[in-house]
Amino acid sequence: MSTVDDRTGFEPLVGSVLREATRVHPDRPLLICDADRLTYRGAERRSATLARGLIALGAAKGTHVGLLYPNGPEFVIGALAAARIGAVVVPLSTTAATAELRERLAHSDVRILLGTKSHRAHDFVERLRDILDGTEIGARGQLFCPTVPQLRHVALRGAPVRSRFLRDIAELEQLARTVPPDLLAAFESDVREADPLAVVYTTGSTGAPKGAVHTHGSLLGHQRTLNRVRDVTAQDVTFTTSPFFSIDGFASGLVATLVAGATLLCSSTTDASATLGLLESEKPNRTLGSAAAVAHLARHPSFPHRDLSSVRRGTLYPIIRGDVRPADPQLRHDTLGMAETGGAVLLSGDESDQPERRRGSFGRIAPGFEIKLADPETGAAAPSGAAGELCVRGPGVMQGYHGHGREQCFDPDGWFHTGELVRLDEDDFVYVLGRCERPPRPDSVVSAPDTMHRVVRERATRTPDATAVIDPELRVTYGRLDSTTGELAAALLDAGVGKGTRVGVLLPNGTRWVQIALALTRIGAVLVPLSTLLRPPELRAQLKVAAVQCLVTVEEFRGRRYLDELGRTPGGEAVLPDPSLPALRRVWTVEQLVTTEASAAAGRIVDAVAETVTAADPLVIMFTSGSRGLPKGVIHSHGNAFAAVRSGLDARRIDAGTRLYLPMPFFWVGGFGGGVLSALLAGGTLVTEAVPLPESTLDLLRREGVTLFRGWPDQAETLARHAESLGVRVHTLRVGSLDALLPADVRARPGARANLFGMTESFGPYSGWPADTDMPPAAWGSCGKPFPGMQLRIVDPDDGRATPVGSVGVIQLRGPHVLRGMCGRAREDLFTPDGFYSTGDLGRLDSSGFLFYHGRFDDMFKVSGATVYPSEVEKALRGIAGVDQVFVTNVPGHHGDRVGAAVVCDTARTTEAGLRAAAREVLSAFKVPTVWLLLDSDERIPYGATGKIDIVRLRGLFWAAEPGSGPQPPR
């Protein structure tokens with residue numbers, strides 16, 4: 001979601017800021033560049049046209065759009081157009097040689113490149129022809145370039161007419177006519193402040209250039225803060241010499257100007273006299289950039305005769321009028337900015353000369369940032385008064401480097417180490433002493449494959465004939481899994497799927513589910529598993545939250561026809577989206593997808609595309625079972641998901657000899673991580689079925705020699721009862737399976753084995769103990785110990801401070817296995833400043849490090865392993881005709897929690913059966929109440945002294961209505 005400042009109406013989204021500035025002063029110039037003037041009205045109109053052209057070309061939220069323009073209106077229009085629809089802006093250096101440009105395009109995963117054909121002595125057409133040498137044209141006119149595997153389209157202003165690979169941007173403006181304005185509005189309404197806005201590359205002055213990723217919220221919010229410090233207003237005109245491909249030009253220049261509603265002035269000419277004439281006529285009052293960049297202007301013969309009296313502020317001292325120009329620049333506060341901090345991180349709004357004791361000052365830390373001085377060698381806090389490496393953290397800091405895991409960019413406490421050696425004076429002014437010499441941060445040592453493509457390829461190379469997946473109708477070996485998913489991946493590339501494309505999979509468990517999921521993620525698409533239990537409103541909500549662009553589904557499952565419910569027709573061709581689901585472009589049935597033949601060009605580039613995927617790239621968006629309001633889409637990367645699964649394989653006793661069955665659906669983390677990925681990483685065999693039924697499941701377990709049955713205890717108990725009634729046993733099951741299915745003589749004593757404990761946000765279990773081994777007696781009833789790589793602490797729910805050993809508090813997690821983020825949520829909304837995620841679970845650690853679970857801090861509860869939030873169920877039930885009020889809670893029974901609903905209604909006309917039927921239309925099956933209490937009024941509803949519902953007494957009402965149904969409330 002986006003945050004709007006109630007006092008000013010400021011919403012930190014590029015599209016929102018542009019529209020507001022256009023409303024307030026439409027004819028004010030946003031940019032003046034030599035003879036070109038771009039007003040806010042013109043910027044809004046022209047960027048809307050280009051944005052619609054990008055949509056027609058297939059761009060969507062997350063698409064990387066490269067900009068190869070010099071400073072000028074074309075760059076601004078391109079940046080605004082991409083940002084408005086949630087695409088990611090990648091400014092590219094206009095001075096880059098062919099090899100550098102090729103490397104940058106490949107590294108940044110640019111999918112659509114916009115630019116000009118030349119600038120000064122730089123011929124971009126010729127450079128791009130060299131880069132695209134060997135490129136083939138695939139389906140739908142896409143480029144398949146082996147050296148820049150993600151690049152699909154190149155559009156240049158004034159591109160050669162006969163070029164095979166380059167189109168003119170005028171074509172996009174023609175394509176824009178096919179996209180209605182209401183669809184653009186729908187795309188814009190889907191952008192969130194937590195969405196990435198830009199990948200801005202560092203200069204590379206201290207190492208290889210790296211792409212700093214900034215969100216709308218972080219970059220716009222930081223520039224708004226800096227504008228306040230610098231007293232920038234809408235009336236200001238700022239002259240900049242900084243190129244827009246740098247953080248100084250892009251953020252401090254363009255974004256800051258847009259946020260202020262001001263005017264930015266620049267010049268692309270090499271004619272000093274023309275630039276001086278521009279300054280004289282447009283009368284800027286502020287300057288931005290490097291003083292060395294304007295030294296030639298001050299040396300021009302006409303300079304003494306120019307009226308530049310308006311230029312009074314900024315850092316371009318050679319052209320600032322004499323009475324405000326510093327006699328000694330060292331007595332003015334300098335500014336320290338970097339790509340990683342979204343611009344200035346050290347600055348001052350005071351532009352007057354400072355006393356001698358402040359010579360060389362860089363001002364103070366920018367508002368919103370925390371600062372720490374660290375010992376360059378150890379990373380520990382430097383002693384008070386001593387120099388140290390400048391470390392910063394806060395919402396203005398980048399999300400990370402593109403293609404790098406967060407652990408490679410920040411220390412465990414969330415600090416970014418700038419590499420600048422500084423000291424602080426007694427007034428907190430900062431002095432930069434130079435670059436510090438510190439040992440390079442060691443990259444994480446990855447001894448095992450860390451992307452889906454590499455995992456699948458390694459497994460196929462090692463054990464090609466071993467069986468990977470079995471269902472009642474289809475089985476595949478690891479060798480066939482590699483080849484079939486490669487073929488599927490090529491077909492997906494032809495259809496426009498690539499790195500970052502979000503693809504929903506709405507299928508029951510089976511071999512096809514596994515093949516499609518692996519094909520998608522091998523080429524960097526983001527898998528979005530969707531529950532077959534979702535009702536139409538829930539399904540639409542999840543498709544919207546995850547911005548799903550393509551959907552793969554079954555025609556029918558258990559009487560449900562999902563496409564009919566969505567009003568969609570299957571077909572591989574792209575169609576203009578429905579404004580209610582603006583991202584969704586393509587829908588396939590399983591049979592359509594698996595029978596689609598890929599072009600030869602796509603088949604030849606599959607491996608090259610797959611090799612561009614990194615461990616830091618998103619692998620999956622997994623939805624939690626329920627939520628307050630909109631569902632929560634939890635984002636996990638290839639690296640963090642695989643590491644989380646590997647950390648628990650030993651505890652779950654899964655290895656290459658395991659034949660694993662679990663009834664959990666693959667659309668939940670227990671099925672995908674605990675089943676699909678566990679078997680894949682261990683090299684074992686996954687046995688699965690679409691609809692688990694006791695008789696067929698027992699037959700499948702026996703026929704396939706299943707050795708390990710994992711799942712929920714009540715499922716195993718149900719299966720065991722049927723096995724006993726049928727007089728059958730699964731002799732191949734080994735210790736480590738759920739006890740109910742094992743012979744009595746090998747079952748664990750109650751509480752002796754750990755209850756594996758985890759959540760979607762930790763990608764499955766994060767605490768446990770070997771499943772075939774008793775814990776020490778003092779730890780019985782616990783969840784074992786945290787797995788390697790997971791840092792866990794218990795904090796007081798009120799003040800967030802760590803609790804003493806043995807005290808109950810909220811469990812917080814940190815480490816390389818936890819979620820990378822949530823759809824539409826800013827990082828600071830999810831994590832503490834030092835990087836911990838608060839689970840909402842209550843627990844305690846004993847002196848030996850064993851974790852004991854003590855329930856939920858909030859009112860969430862689980863039904864057969866699925867999460868239920870009372871507030872969500874209450875909201876759905878209140879929408880049923882005849883219902884006045886609803887109160888929902890968990891009602892413990894003999895086999896776990898059940899959903900109980902006390903409904904205030906006309907009991908003469910409303911029946912339990914009618915409510916249950918209506919509830920099934922709007923809620924997933926596990927959320928539908930099974931315990932009902934119909935009341936004529938809310939007089940019997942118990943309230944506490946604070947006016948809140950007394951949950952314990954409410955449960956007592958349910959128990960009173962069905963005595964003997966389960967544990968009774970305390971007396």
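Predicted model: local features only at pLDDT ≥ 70, side-chain atom pairs only at ≥ 80, totals over all residues.
Five strands make up an open sheet with mixed pairing, in the order β26-β25-β34-β33-β35. Residues are numbered from 1 along each chain as its sequence is written, and side-chain values use heavy atoms, with hydrogens and water left out.

**The open sheet**

A word on the names: helices (H or I, at least four residues) and strands (E, at least two) are DSSP runs, numbered from the N terminus. Two strands pair if DSSP finds at least two bridges between them. At the edges of the sheet stand β26 (475–477) and β35, each with a single partner strand, so one side of each has no neighbour in the sheet. Further in, strand β25 (residues 467–470) pairs with β34 in the parallel sense over two bridges. Here Val469 stands opposite Leu686 in β34. Helix α21 packs on this sheet and touches β33 and β34, with its direction at about 150° to that of β34. Such angles run from 0 to 180 degrees between N-to-C directions, and the axes are lines fitted to C-alpha atoms, for helices over the stretch in contact.

**Helix α22 and its cover**

Which residues of helix α22 (residues 694–703) are buried? They are Pro694, Thr697, Leu698, Leu700 and Leu701, where buried means under 20% relative accessible area, exposed over 50%, and partly exposed in between (1.4 Å probe, protein chains only). Seen down the axis of α22, these buried residues fall within an arc of 160°, so they line one face of the helix. The arc is that of the directions from the helix axis to the C-beta atoms. After α22 comes Gly705, which has a positive phi near 60°.

**Nonpolar cores**

A nonpolar core is a set of buried Ala, Val, Leu, Ile, Met, Phe, Trp, Tyr and Cys residues joined through side-chain atoms within 4.5 Å. The largest one has 110 residues, of which Phe672, Leu677, Phe763 and Leu877 touch the most other members. Helix α21 (residues 669–682) gives the most to this core, with eight residues. Leaving out residues up to four places away in sequence, Leu877 touches Val883, Val886, Val888, Ala901, Ala919, Leu923, Pro929 and Trp932.

**A hairpin and its neighbour**

Strand β42 (residues 837–845) runs antiparallel to strand β40 (residues 809–814), and four bridges join them. Gln812 has Ser838 in β42 as its bridge partner. Four bridges also join β42 to strand β43 (residues 851–856), again antiparallel, and Arg844 stands opposite Phe852 in β43. With five residues between them, β42 and β43 form a hairpin, and Gly849 in the turn has a positive phi of about 90°.

**Salt bridges**

A salt bridge is a side-chain nitrogen of Lys or Arg within 4 Å of a carboxyl oxygen of Asp or Glu. By this rule the model has 52 salt bridges. Three of them are listed here.

| Pair | N to O distance |
|---|---|
| Glu74 and Arg157 | 3.0 Å |
| Asp617 and Lys499 | 3.0 Å |
| Arg909 and Asp906 | 3.9 Å |

Glu74 lies in helix α3 (residues 73–84) and Arg157 in strand β10 (residues 153–157), so this pair ties together parts 83 residues apart in sequence. Glu74 is partly exposed at 24% relative accessibility, and Arg157 is partly exposed at 27%. Asp617 is buried at 7%, and Lys499 is buried at 16%. By contrast, Arg909 is exposed at 74%, while Asp906 is partly exposed at 37%. Salt bridges that share partners also join Arg475, Arg659, Asp699, Arg703 and Glu704 into one network.

**A loop residue**

Not counting residues up to four places away in sequence, Thr532 touches Leu506, Leu507, Pro508, Phe557, Arg560, Tyr562 and Phe667.

Definitions and conventions:
Contact = heavy atoms within 4.5 Å.
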